[in-house]
Amino acid sequence: MSSDPVRIAAAPVRTAPGGWRRRVKQRSTLHAHGEPMLWLTGGALGLALFMIAGLLVLVVWQGIFTFWPGALVEVTARSGERCLGEVVRRERYTPEPGAVDALAPDEAAAARRELEAHRGQLGRRLIRIGNFDITGEHFRWLEDFRVAAETRPAWAVLVERTSWGRCYGIPRAFRVDGEVVAETPEAVWEKYRELHGAARARRARRKALESGDIGRINHALEQARLGLRKVELESGRHSAAWAAAEPRFLQEQEAAAQAFARVQEEIHTIERENARYQIVCDTYHRGQIVPATVMLGDIVRAFAPNRLSFVAKLGVYVSRWREFLCDEPREANSEGGVWPAIFGTAVMTLIMCLVVVPFGVLAALYLREYARAGFIVSAVRIAVNNLAGVPSIVFGVFGLGFFCYIIGASIDQLLFAARLPNPTYGNGGVLWASLTLALLTLPVVIVATEEALAAVPNSMREGSYACGAAKWQTVRRIVLPRAMPGIMTGMILAMARGAGEVAPLMLVGAAKVAPDLPLDGIFPYLHPERKFMHLGFHIYDLGFQSQNSEAARPMVFTTTLLLIAIVAALNLFAIWLRARLRRKFVTGQF
Amino acid sequence: MSTPRFTGRARQYRSGATVRILDRVSRWAITVGGIGTLVSILLVSVFLIWVAVPLFFPTRMSAPHRPAEGAAALDAAPLHLEVDEHRRLGWLVTREGTLEVFRLDSGRRLERRPLFPEAEMTAAAFSRQDDRVAFGFVDGTVRLGRIAFWVRFLREAEVPPELRSLSAGGLGEMAGGLVVRTPEGMFRLQGVDVELEPPIPSGSAAPVLRIDQTVTAAGPVYAVLTADGKLRVNAVEERENLLTGETEIELAGGEVPLAAAGAGGLPDFVRISGLGDALYVAWRDGRIQRFLTRDPRRPVLAETRDLEPGPARVTSLSWLLGRFTLLVGNDQGGLSGWFLTRREGVSTPDGRVLTRAHTFAPGAAAVTAIASSARTRLVAAAHADGEVRLLLATTAAELAASRTADGRPLAVLAVAPREDAVVGISASGLNAWEVNARHPEASLAALFTPVWYEGHDRRAHIWQSSSGADDFEMKLGLMPLVFGTLKATLYSLLFGVPIALLAAIYTAEFMHRRVRMLVKPAVELMAGLPSVVLGFLAGLVFAPFVEQVLPAVLAAFLMVPLALLVGAYLWQLLPAPLTLRFSGWRFVFIAAALPLGILAGAILGPAAERALFAGDLRAWLDGQRGSATGGWFVILLPLGALLTAAGMGARINPWFRAATAALAPRPVAVLDLVRFIVGVVLAVMIALGLALGLTGLGMDPRGSVVGTYVQRNALVVGFVMGFAIIPIIYTIAEDALSAIPEHLRSASLGAGATPWQTAVRIVIPTAMGGLFSAVMIGLGRAVGETMIVLMAAGNTPLIDWNLFNGFRTLSANIAVELPEAVRNSTHYRTLFLAALTLFAMTFVLNTVAEIVRLKFRRRSHEL
């Protein structure tokens with residue numbers, strides 16, 4: 001390479017009027033490449049991608065592995081105290097000054113050794129000890145220096161119960177009617193496997209009675225009461241109609257009471273039967289061995305994790321997922337499943353779709369095909385685009401004030417006067433939530449549909465007109481079919497947005513616990529006035545309103561994973577659809 | 001003309017009837033449906049306005065209503081007047097100790113009974129808030145008790161026959177009270193109930209001149225001034241005798257050292273505060289003394305002040321609801337509100353002084369009566385020229401004014417319990433005004449300017465909409481919430497905007513097409529993440545994590561860019577063929593620099609904590625230890641870097657470029673690295689110098705942009721909100737950049753510009769409009785984001801720039817409070833106003849962004 005560029009590149013040499021010669025550089029300087037700035041821009045992109053990846057990995061990792069059965073450890077402290085449970089996590093911390101000196105001598109010595117080894121920090125572990133009915137706590141922090149020994153007893157058993165949370169222990173006895181029939185862990189386990197199926201079936205039966213039969217009786221009773229109240233409202237308390245209706249009501253009340261007693265009797269029978277079988281486990285409390293008695297009928301699932309093979313653990317894992325997806329929550333939502341939330345989310349999203357798609361398409365058709373293009377239409381278009389950016393909580397405020405308090409209250413006045421002052425529609429419910437979200441997602445559908453309509457080439461419309469088709473025929477046969485993928489994209493994006501939105505739902509009907517699903521077997525089957533559970537609200541509620549937030553943590557992560565999976569799947573589908581649409585129709589972008 | 005027919009089928013030239021009808025119907029349906037849908041969207045804003053606007057409707061006060069019979073029947077100058085909540089009945093107590101019960105509609109007296117037939121009453125005190133009364137007698141005894149309205153619904157059989165035919169809303173009289181037929185058809189009997197406890201001694205045998213009482217958590221406390229000049233405070237304790245089962249009354253009290261307070265005759269007013277801990281004694285000339293009576297056995301003089309420094313004389317002194325604020329009326333029409341505030345350097349034993357907090361607009365003539373509502377801080381004041389004014393104590397605003405029918409002054413005044421009427425008695429009888437106060441607490445001044453709330457030391461912006469206490473003063477300052485919204489937006493934009501824009505530039509300009517097709521949907525996917533997920537992660541994962549490793553996190557914010565820059569300068573050192581060969585993999589190297597930067601932060605953070613923050617950053621932030629230098633240094637480091645970069649760009653770089661133009665690339669790269677290292681050292685020196693200088697000046701960053709660390713804070717929110725706004729800004733910005741026509745780039749590259757020069761000088765300026773609108777839309781999203789701030793910001797409504805403190809935004813406030821707000825209450829409407837504010841903010845931002853975007857789009861089409 002020559003160092004004199006002028007000689008090689010003769011052409012660019014020009015002589016300016018002033019007589020000076022300008023050199024044209026062949027090589028751009030290092031500075032011109034802007035390498036440092038380029039790295040900063042690339043770093044920003046890398047950081048953004050890192051953040052997404054980190055977040056997804058965190059959620060997926062936590063969500064996937066929380067249901068995997070971990071080992072049960074028995075920790076013996078230097079003080080002789082023992083405890084049995086699952087190690088949830090470990091961390092390092094800096095002790096308060098002087099805290100070590102206050103310890104017992106052997107512990108202090110261990111702590112000092114550890115402090116020296118780890119630069120002034122100590123380790124501790126959070127152990128889930130369960131047995132809330134005995135110990136009064138679900139978790140316990142244990143510092144590493146207190147630990148003298150840690151073993152994994154083969155027969156340590158984890159019992160998931162319907163109430164009081166988990167029980168950890170070593171089975172000692174199986175009692176039937178108070179008599180001990182098995183005394184070794186093996187024998188107890190044998191008995192458990194033999195009898196648990198029947199007990200579980202009885203529990204299912206009891207539950208069916210409680211929610212199904214009693215629900216029906218209560219419903220009938222409520223209907224009768226409302227009928228009487230209606231008569232009272234219409235013709236007064238001293239009318240002949242009321243006099244005729246009251247004995248009828250009393251009769252029905254009597255019948256309901258009898259039916260209730262029958263069901264109650266059956267439930268008692270089941271309870272008595274279930275109470276016959278008990279498992280006694282040894283657990284630790286305050287350094288002593290304490291027996292924990294578990295009724296067989298209360299056991300959701302029990303297993304000895306330390307004895308399980310990989311396949312058996314996989315079985316427990318799958319069964320826990322099944323429970324999570326298909327069962328109702330228990331223990332203040334921190335255990336059990338999220339089926340009502342999945343169902344509530346689905347019902348709400350579907351109703352929302354039924355409302356938002358037709359109206360969104362109508363509005364888009366009007367804007368794109370029927371309205372005369374002009375200032376007003378473009379202003380309306382800008383306004384609609386803007387509404388997509390209006391905070392969702394604002395729609396929630398509107399939904400509460402307009403749908404619940406005005407429309408709903410009017411409906412109550414007109415149709416459900418008998419139930420007042422208890423609101424029927426005058427309160428948050430799945431219908432109002434759906435309508436609110438429909439309003440919220442309307443811009444999404446309108447914009448997507450408009451885009452799709454605009455993408456249909458005008459030549460096709462003109463061809464259709466030239467063949468003599470009327471406008472509606474053209475729209476229906478030519479334009480709409482071509483725009484269908486775009487409309488679907490809009491719908492799916494709206495569903496994704498609706499499924500993930502929580503803020504407005506907090507105002508218009510999402511509930512912590514909704515005892516009844518919005519869709520059930522009692523006439524009229526769909527109950528649009530009912531409150532409902534929602535996956536997103538479930539996350540908020542579990543994470544921030546839960547009494548036992550540490551125990552609820554795994555549930556929050558799995559629910560989060562589920563919600564992200566649903567929303568991401570919907571979004572990916574929409575992106576894929578849009579890409580296909582673009583390939584098909586769009587010639588120029590933007 | 002005949003058309004040739006080839007098919008033999010007659011050709012139809014007209015559309016069929018069904019087609020035409022269908023076409024008409026569909027056009028109609030689509031037009032109606034479309035317009036309806038659009039209108040329904042716009043309905044949102046209309047509805048918000050419709051709910052929020054009544055907040056600002058003025059208070060209405062009707063012309064005075066004068067019942068016909070009221071003129072002569074009632075006592076002309078009673079001591080106290082009270083009205084029931086349905087505005088049917090009233091009672092008054094005369095100076096002689098007679099109770100009169102009367103109908104409000106006609107003024108007809110229903111009952112007149114002497115309360116104390118065998119004793120002579122000489123003083124009385126009334127409390128509208130809890131219906132409590134206290135009477136003092138000529139023999140020096142005191143009786144406490146209650147006079148209250150009662151309501152009972154009659155059974156059909158109890159209703160006298162002549163009243164059975166009452167129409168709804170009709171009134172009738174029967175023994176024991178007034179019967180009202182309710183709209184539901186029930187018969188409601190109303191009356192007045194008097195419960196008086198047996199006399200208790202006041203500690204002196206002289207006639208009682210002044211009396212006041214209050215009920216504290218421990219029991220009643222009363223203050224009595226007797227004619228012999230003795231002022232005593234007594235706390236009444238009721239005790240059940242275990243043997244007899246009777247309640248015994250025990251008095252604990254002491255004499256107030258009035259003599260020590262100076263001469264000037266006996267005091268004209270004696271007032272005891274709601275908690276019974278302060279006794280005020282005032283004279284007509286404006287002198288007031290405050291005694292501490294927390295221990296009633298030993299009252300202590302706290303301070304002496306002058307309520308009326310001018311010649312004016314006090315004519316009326318009464319409590320506002322809650323018995324904490326004294327309302328003072330004078331003979332020139334002036335009216336003011338006084339309460340205790342804490343002041344630096346005062347000599348009172350409790351460090352507090354009675355302060356004039358509210359000065360109302362004066363009336364034309366002397367104040368004759370003041371009545372405060374039992375529900376809010378609404379006050380009615382009557383003047384000697386017959387004027388009656390409605391005032392709000394919180395903001396010292398005059399809400400409405402009227403005049404008595406004949407211009408005679410009112411001797412007593414009452415505000416109806418539901419604040420729907422004001423009733424007064426003048427020498428010529430009863431005067432009543434219908435009032436519709438609507439929402440007095442929520443004026444523009446109350447919402448957006450600092451207000452002096454009861455018990456606070458100065459005017460302040462405070463949001464506190466509810467409390468457990470009945471006599472709670474609503475604090476509806478929206479500014480803390482607006483501030484919180486701005487704080488969240490600012491910190492999240494500070495983090496999000498640079499990353500999003502830079503990432504978009506890299507994607508659009510330097511990334512291979514195929515990689516771009518993968519990267520963009522991935523970032524867009526992040527845009528679809530439900531914000532509740534982000535909020536949950538922010539609150540329960542990031543916040544505790546950041547709290548543990550705060551120094552490392554802060555160091556990483558500085559080290560990551562540094563690592564990238566170091567990487568870039570090292571990359572320049574590589575021989576050209578090598579960089580060319582690996583240029584496709586450059587992004588991998590860039591990505592590898594990130595974890596190195598984070599690692600460097602993790603190592604350097606704790607070290608910096610030891611060096612700069614006395615080993616404990618959080619204790620340093622609390623202000624417990626360390627000097628200000630470390631903090632200033634860290635805060636000023638970015639500034640130092642910017643200054644250095646600017647200085648280098650302006651002075652050193654042109655010279656450097658000229659000087660190295662003739663050199664080969666490698667030595668230039670080495671020199672460039674040296675220049676960079678010098679720059680870093682310079683930046684550090686500048687920051688250190690400034691930090692030392694500022695510390696030397698005695699300034700400390702703690703208490704302003706940094707301060708006490710709270711787990712859920714603006715740092716966490718800013719970071720996590722980045723997840724929400726980065727994808728949005730990124731997508732729109734990337735769209736704008738890739739929309740720049742390819743021929744512009746080709747021309748620039750063809751003219752010899754490097755890709756970087758092309759990006760900076762051609763593409764970015766052309767796409768500026770699109771980038772701007774991207775930032776605006778990101779801003780709109782940050783303003784309205786609810787779940788993240790709800791879960792990660794701690795929700796404390798504070799005005800504090802501290803990066804490590806929480807805040808409450810408008811949106812989170814709505815989510816927290818609206819479910820509990822009573823429909824159509826002031827609180828409810830204020831929350832709607834907050835929603836409307838949010839709506840307007842985002843709507844304006846988005847409209848600006850959209851218009852800029854459209855303009856930009858037109859321009860880029862023209863190119």
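Predicted model: local features only at pLDDT ≥ 70, side-chain atom pairs only at ≥ 80, totals over all residues.
Entry: β30 of chain B covers residues 421–426 and β31 covers 429–436, and I found them paired in the antiparallel sense over six bridges. They belong to an open sheet of four strands, ordered β1-β31-β30-β29 in chain B, with antiparallel pairing. At the edges I noted β1 (60–61) and β29 (410–415), each pairing on one side only.

**Entry: another sheet.** Chain B also has an open sheet of four strands in the order β21-β22-β23-β24, again antiparallel. Its edge strands are β21 (314–319) and β24 (352–359). Neighbouring strands here are turned by 30 degrees against each other on average, direction ignored. I checked β22 (326–330) against β23 (335–342) and got four bridges. Within that pair, B:Val328 stands opposite B:Ser336.

**Entry: domains.** I wrote down four for chain B: domain 1 (1–56), domain 2 (71–238 + 245–446), domain 3 (480–548 + 618–626 + 700–858) and domain 4 (629–699).

**Entry: where domains 2 and 3 of chain B meet.** Their centres are 55 Å apart, taken over C-alpha atoms. Four residues from domain 2 and five residues from domain 3 make the contact. Together the two domains bury about 260 Å², 55% of it on carbon and sulfur atoms. On the domain 2 side, B:His439, B:Glu441 and B:Ala442 lose the most area, together 98% of what that side buries.

Note on methods. Residues numbered from 1 in each chain as written. Chains lettered and ligands numbered in written order. Heavy atoms only, no water. Pairing = 2+ DSSP bridges. Helix = DSSP H or I, 4+ residues; strand = E, 2+ residues; numbered from the N terminus. Axes fitted to C-alpha atoms, helices over the stretch in contact; angles between N-to-C directions. Domains from an automatic or database assignment. Contact = heavy atoms within 4.5 Å. Buried area = accessible area lost by both parts, 1.4 Å probe.
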